[in-house]
Amino acid sequence: MAAAALIEPLTELVIRAGLAILAVNRAVMKVDGKTDGSPVTEADLAADRIIGEGLARAGANIPSLSEERTHLAKLLYTDSFS
């Protein structure tokens, strides 16, 4: 897929992820800890899910990785992140 063809679907992903973040009520937002002790919020996970699923639909042959999904990393990435 040509890079120019990705602009519209990726822009839509960014908008949807941003709306998901804004929809989370910060007063009651769930916050968990990652293995390194840093926080991960309900909003982080919602945005990551939207972006991850959208990237898979936009180009299944393009590998992607996020800090919220390191546990899904394949061999190329497993020793690169903690």
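**Figure 1. Overall fold of the predicted model.** Among contacts in the protein (heavy atoms within 4.5 Å) between residues at least 6 apart in sequence, 40% join residues at least 24 apart. This is a predicted model, in which local features need pLDDT of at least 70 and side-chain atom pairs count only at pLDDT 80 or more, whereas totals for chains, interfaces and linings use all residues. Residues are numbered from 1 along each chain as its sequence is written, and side-chain values use heavy atoms, with hydrogens and water left out. The secondary structure comes to three helices and two strands, taken as DSSP runs numbered from the N terminus, with H or I over at least four residues for helices and E over at least two for strands. Read along the sequence, these elements follow the pattern α-β-β-α-α. Of the 82 residues in the protein, 24% are buried, where buried means under 20% relative accessible area, exposed means over 50% and partly exposed lies in between, for a 1.4 Å probe and protein chains only.

**Figure 2. The largest nonpolar core.** Six residues, namely Leu13, Ala17, Ala20, Ala46, Ala47 and Ile50, form the largest nonpolar core. Helix H1 (3-23) and helix H2 (42-58) each supply at least two residues of this core. A nonpolar core is here a set of buried Ala, Val, Leu, Ile, Met, Phe, Trp, Tyr and Cys residues joined through side-chain atoms within 4.5 Å. When its neighbours within four places in sequence are left aside, Ala47 is in contact with Ala17, another residue of the core, and with Ile21.

**Figure 3. Helix H2 and its packing.** With 17 residues, H2 reaches 24 Å from its first C-alpha to its last, close to the 24 Å expected at 1.5 Å a residue; the expected span is 1.5 Å times one less than the number of residues. The buried residues of H2 are Ala43, Ala46, Ala47, Asp48, Ile50, Gly52, Gly54 and Ala58, and these pack against H1 and strand S2 (39-41).

**Figure 4. Ala43 in helix H2.** Ala43 is found in helix H2 and, because its relative accessibility is 4%, counts as buried. Leaving aside neighbours within four places in sequence, Ala43 is in contact with Ile21, Val24 and Met29. The C-alpha atoms of Ala43 and Leu22 are separated by 7.9 Å, although the two residues are 21 residues apart along the chain.

Figure 5. Asp44 lies in helix H2 and is partly exposed, with a relative accessible area of 31%. Its contacts, leaving aside neighbours within four places in sequence, are with Pro39 and Glu68, while its C-alpha atom is separated by 9.8 Å from that of Val24, 20 residues away along the chain. Leu45 is also found in helix H2 and, at 40% relative accessibility, counts as partly exposed. Leaving aside neighbours within four places in sequence, Leu45 is in contact with Val40 and Glu68; Leu45 and Arg69, 24 residues apart in sequence, are 9.3 Å apart in space, C-alpha to C-alpha.

**Figure 6. Thr41 in strand S2.** Thr41 is found in strand S2, and its relative accessibility of 15% is why Thr41 counts as buried. Not counting residues up to four places away in sequence, Thr41 touches Met29, Lys30 and Val31. Thr41 and Val24 are 17 residues apart in sequence and 9.6 Å apart in space, C-alpha to C-alpha.

Figure 7. The largest pocket has a volume of about 220 Å³, a volume being the space filled by probe spheres set on grid points that are joined across faces, edges and corners. On a 1 Å grid over the protein atoms alone, a pocket is an open set of points where a 1.4 Å probe fits, with protein on both sides within 12 Å along at least five of seven lines, and lining residues have an atom within 4 Å of a point. Eleven residues line this pocket, of which Lys34, Thr35, Glu67, Glu68 and Thr70 lie nearest its centre. By class, the lining has two nonpolar, five polar and four charged residues, with Ala, Val, Leu, Ile, Met, Phe, Trp, Tyr, Cys and Pro counted as nonpolar, Asp, Glu, Lys and Arg as charged, and the others, Gly among them, as polar.
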